[in-house]
Amino acid sequence: MNKLVELIKKLYYNETMRYLFIGGCTTLVNLIAFAVFCDVMGMDVTLGNVLSIILAILFAYITNKIFVFSSRTNGIKEMFSEFCRFVGGRLSTMAIEVGGVYLIHNMMGQPKMAAKLVTQILVIIGNYFISKFFVFRNRQGECHTPDSE
């Protein structure tokens, strides 16, 4: 039992592992919302995709800020600036995701959920680097993480 506890602690204190876990949760939010919008509510695939990504971005900002990068901001202005950088980064990968789903589903005729899953791999990788090196940084350019404290 002690080895399991030690393994869990080791994984928790590893930023990449925390990001992958939260990224997995964000992907679930994205996929479930996508399925609800498209299959339950009957929305167009592109509209459902965009709305599910917006929900995932909001979820990801909060969870990445708190649990992955332990980002600290001083005041609303600094937090708004960080949020804008986060959304800007996510909009760039959203273009990859929306374009990729459109290409794979509409142009190549593959199932929409398969298209969504394929694009998630590129998006998760891109989002990690954007978050780590562009968004959640302090003024000296270092990331705030439990690993670096």
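Met17 lies in helix α2; helices here are DSSP runs (H or I, at least four residues), numbered from the N terminus. This is a predicted model, in which local features need pLDDT of at least 70, side-chain atom pairs count only at pLDDT 80 or more, and totals for chains, interfaces and linings use all residues. Residues are numbered from 1 along each chain as its sequence is written, and side-chain values use heavy atoms, with hydrogens and water left out.

Met17 has a relative accessible area of 35% and is therefore partly exposed, a term for values between buried (under 20%) and exposed (over 50%), with a 1.4 Å probe and protein chains only.

How far apart are the end C-alpha atoms of α2? They are 36 Å apart, which agrees with the 38 Å that its 26 residues should span at 1.5 Å a residue; the expected span is 1.5 Å times one less than the number of residues. At the start of α2, the backbone nitrogen of Thr16 has a side-chain oxygen of Asn14 within 3.0 Å. Just after α2, Gly42 has a positive phi of about 75°.

Now turn to the inside. A nonpolar core is a set of buried Ala, Val, Leu, Ile, Met, Phe, Trp, Tyr and Cys residues joined through side-chain atoms within 4.5 Å. The largest one has 13 residues, of which Tyr19, Val68, Phe69, Phe86 and Phe136 touch the most other members. At least two residues of this core come from each of α2, α3, α4 and α5, and α3 gives the most, with five. Another core, of six residues, lies apart from it and includes Cys38, Val101, Ile104 and Ala115.

Terms used
Polar contact = N/O pair within 3.5 Å; in protein donor to acceptor, adjacent residues only side chain to side chain.
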